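Reader: Hi! Could you walk me through this one? I'd like to begin with how the chains meet.

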Amino acid sequence: MSGAVETRTDSAAQASTESFVLLHVGEERYALTARIVAELAPPVRLHSFPHTSSLVSGVIVRRGHIVPVYDAGPVLAGKSFSAHRFYLIARRAFGKSLELSAIPVNGECELATGEVSPARMDRPPCVCGTLQIGDESVDVLDFEKLVTSQPIERRDAGAAKVQP
Amino acid sequence: MRIAVQESLLPRTARKPEQAIVFSVAGQDFAIAAESVQEIRSADSLASTAIELDCVTLPKVRHTVERGHHTYYVVNAGVHFSLPVSRPTLVLIMRQLRVAVLVDRIERMGEISGVYALPRAFAGDERQWYRGLAYLDDHVIPVVRPGGFLTAEEFHLLDRASRSSAAAQEVEGAIPS
């Protein structure tokens, strides 16, 4: 073994330097490209109703739009975080059109610019790179893969379940 | 990136207002277009005309009711939406569909400003269940698709179970006691 850390070469991680929004999910900090982030929305009411779509916890009303809310906690940390009351709103591509989508966050978001290196092989598929900020290495999230991932505890189970 | 003030009203751009019935099941509100409902009856008033149906593969339908020479399959909305067990007291009899729906209660009847498309993030059975979403009194509630309660395949299954059940009753009636 050479001793070097094995890395992936996702196309999303090829860009050298760009801006990222840093967000907390649980205790961990993650980065999301600022290109797709629309805004950080204050705590608003989450409306929920029966459905079978994995990770979707409901919808919020924002700027005249009904915005679906994805709970990233189960994918990244294996559980939801009730303390996350702000919403990071990003644009998700569906073919050629975009749909606003929200992720609950704790409100402590920052904007950072830095070098991105490919993700280590041991990171989850929704991590497309590593952002170096000073001494800290932050996982860069691939938003599309994040919202289509299976929760950690259900990655092996697979079955759809009605929620909430 | 900015943090902006909360807003509560959706614009009414190009959406057609419609009359709707808001009903609840296990504490969850749903809307349905008023024009798709022919009749609302108490479950008790239909109990005498209800016929038990044995279709184990479709537990959301356990009875049929006869109304105006038509047979309606009674769908338990709580089971259909996988909600906790509740006590349905009303039956919504659909117009132009052989479906009646057991619900807990009617919350209100009135106008909704329009039906908003279900976000594409919702990609499961709910795309069949709902026509979209409505914004009513600061609440977002799903607008039910009347044809989403039973699929064509489920109708086939129920028709077959219904015929078997009728045949079994005829045989029972033919055997002298």
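Author: Happy to! Across the interface of chain B and chain A, the rule finds one salt bridge, meaning a side-chain nitrogen of Lys or Arg within 4 Å of a carboxyl oxygen of Asp or Glu. Keep in mind that this is a predicted model, where local features need pLDDT of at least 70 and side-chain atom pairs count only at pLDDT 80 or more, while totals for chains, interfaces and linings use all residues. Residues are numbered from 1 along each chain as its sequence is written, chains are lettered from A and ligands numbered from 1 in the order in which they are written, and side-chain values use heavy atoms, with hydrogens and water left out.

Reader: Which residues form that salt bridge with each other?

Author: Arg120(B) and Glu99(A), with their closest N and O atoms 3.6 Å apart.

Reader: How many residues does the contact take from each chain?

Author: It takes 34 residues from chain B and 35 residues from chain A, with contact meaning heavy atoms within 4.5 Å. The two chains bury about 2800 Å² between them, 63% of it on carbon and sulfur atoms; that is the accessible area (1.4 Å probe) that two parts lose on being put together, summed over both.

Reader: What ipTM does the predictor give the complex?

Author: An ipTM of 0.86, alongside a pTM of 0.84. For pLDDT, the predictor's confidence in each residue from 0 to 100, the mean is 85 in chain A and 89 in chain B.

Reader: Where in chain B does pLDDT stay under 50?

Author: Over residues 3-9 of chain B, for which the model has 21 contacts beyond four places in sequence. Where pLDDT is low, the predicted coordinates should not be read in detail.

Reader: Switching to the fold, what pattern does chain A follow along the sequence?

Author: It reads β-β-β-β-β-α-β-β-β-β-β-α, with two helices and ten strands.

Reader: What about His24(A), buried or exposed?

Author: His24(A) counts as buried because its relative accessibility is 18%. His24(A) sits in strand E1 (residues 17-25) of chain A. Not counting residues up to four places away in sequence, His24(A) touches Arg29(A), His84(A), Val105(A), Asn106(A) and Glu108(A).

Reader: Nice. Where is Tyr72(B) found?

Author: In strand E6 (residues 70-76) of chain B. With a relative accessible area of 5%, Tyr72(B) is buried. Its contacts beyond four places in sequence include Gln38(B), His63(B), Ile93(B) and Val99(B). Tyr72(B) and Val99(B) are 27 residues apart in sequence and 4.9 Å apart in space, C-alpha to C-alpha.

Conventions
Helix = DSSP H or I, 4+ residues; strand = E, 2+ residues; numbered from the N terminus. Buried < 20%, exposed > 50% of the residue type's maximum accessible area, 1.4 Å probe, protein only.
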